[in-house]
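Q: I have a model open on my screen and would like to learn how to read it. Could you walk me through it?

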Amino acid sequence: MAEPIISVSGLRGVIGESLTPEVALRFAAAWAATAPAGPMIIGRDGRASGKMVHAAVLAGLLGAGRTVLDANIAATPTIGVLVQHYRAAGGIQITASHNPPEYNGLKLFSSEGRVVPDALGRDVVKRYREGRLEWARVGRVGSHEPCPDSLTPHLEAVLKTVDVERIRSCRFRVVLDSNHGAGSVLGLPLLEALGCEVIPRGEVPNGAFEHPPEPLADNLISICDVVRQCQADVGFCQDPDADRLAVIDGSGRYIGEEYTLALCLNHRLKTRKGPVVTNCASSRMNQDIAQKYGVPFFRSAVGEANVVDAMLAHDAVFGGEGNGGPIDPRVVFVRDSFVGMACILDAMASEGRSVAELVAALPRYAIVKTKQEFP
């Protein structure tokens, strides 16, 4: 059997090859044996294989004696919010993020509601590899129940960061492409709460992707056409677990993921100044924006956990990665497409400008990102 791709924040692999029920069960049990005492939150991103992996993860946690609150299909940042809200010991999101349909994975959350930091993640990986699992005896086996409310805590946290009535007064027409991932679960209620006329695409979270799941320009040509044909004000495109956001302007032009963080940052710093953190693979736009507002700017190593570590160390007011992942500490220390949508709509409403006009006002740099396939 092939080895799954394992990092300190979790693992991912091909279903039936490197990611099997046994692997998922053992990794979940390793996390349960490492995390502090208390209940665990679990969720999944809607992939077709998610139910199977969910069952294995649940067995691992229950077998380790954990109480499990099940959020069912939910976005990755939602799991972070729920861990905080229910004061859980940690969480597991079942997701392969932007990877193709044959993949799935497990992402671990600490009790702070963030992706596990490096040291804690290394302990989990070591325990998993060594097989040092702890199983509960009769009478101590865990319990499982639905999460009492897996939507409202995240929704309310995002709404508190923007001027809801100002956005509602604009009646924006928005195309939301969730591509049959978990994004619509909160995305639709959020946009409706902001008074938007929503034109959904791929809103059923069944993992039947209508285009390749990473929200890149070549994958979103059909959505660009929808935005233009519907005469929408903006198009928002999420990856399957909704921690990344790409933007399309009203003309159907792909703005992309690099601009998501920059648009949010430029708007946030107008009213709330303080240190900013991005990773070292994010556009120079963000540094220029920080300099414009006279706030400290820091770069971290690539990886969400590294960005969060730096944000905590520097008491940052905003941060994120140039892959479309803004992080607002007022909501949760997790990349969050919903923060991005609300913030961009708030910028449009407050300035009376279109997305294209907001983008035109930003510094402009060239950045090239590509991929190399390996066996």
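The dialogue below goes from the whole chain to a sheet, a helix and a ring pair.

A: Gladly! This is a predicted model, where local features need pLDDT of at least 70, side-chain atom pairs count only at pLDDT 80 or more, and totals for chains, interfaces and linings use all residues. Residues are numbered from 1 along each chain as its sequence is written, and side-chain values use heavy atoms, with hydrogens and water left out.

Q: How many helices and strands are in the chain?

A: Helices (H or I, at least four residues) and strands (E, at least two) are DSSP runs, numbered from the N terminus. Here the chain has 13 helices and 16 strands. Its radius of gyration, taken over C-alpha atoms, is 20 Å, close to the 21 Å of the globule rule (2.2 Å times the number of residues to the power 0.38) for 375 residues, so the chain is as compact as a globular protein of that length. Of those 375 residues, 60% count as buried, meaning under 20% relative accessible area with a 1.4 Å probe, protein chains only.

Q: In what order do the four strands of the open sheet lie?

A: Two strands pair if DSSP finds at least two bridges between them. The order here is β14-β13-β15-β16, with mixed pairing. β14 (297-300) and β16 (325-327) are the edge strands, each pairing on one side only. Strands β13 (residues 276-279) and β15 (residues 318-321) run parallel and are joined by three bridges; T278 has G320 in β15 as its bridge partner.

Q: Which residues of helix α10 are buried?

A: An α-helix has 3.6 residues a turn, so residues three or four places apart point the same way. In α10 (residues 285-292), the buried residues are M285, N286, D288, I289 and A290. They pack against α9 (258-271), β13 and β14, where contact means heavy atoms within 4.5 Å. Just after α10, G294 takes a positive phi of about 70 degrees.

Q: How many aromatic pairs does a search of the whole structure find?

A: A pair of aromatic rings is described by the distance of the centres and the angle of the planes. Rings of Phe, Tyr and Trp (its six-membered ring) pair if their centres lie within 6.5 Å; planes under 30 degrees apart count as stacked, over 60 as edge-to-face and the rest as tilted. The search finds one pair. F27 and Y128 are edge-to-face, 5.2 Å centre to centre with 70 degrees between the planes. The pair links F27 in helix α1 (residues 21-34) to Y128 in helix α4 (residues 118-130), 101 residues apart.

Q: Why does F27 count as buried?

A: Because its relative accessibility is 0%.

How values were computed. Buried means under 20% relative accessible area, exposed over 50%, partly exposed in between (1.4 Å probe, protein chains only).
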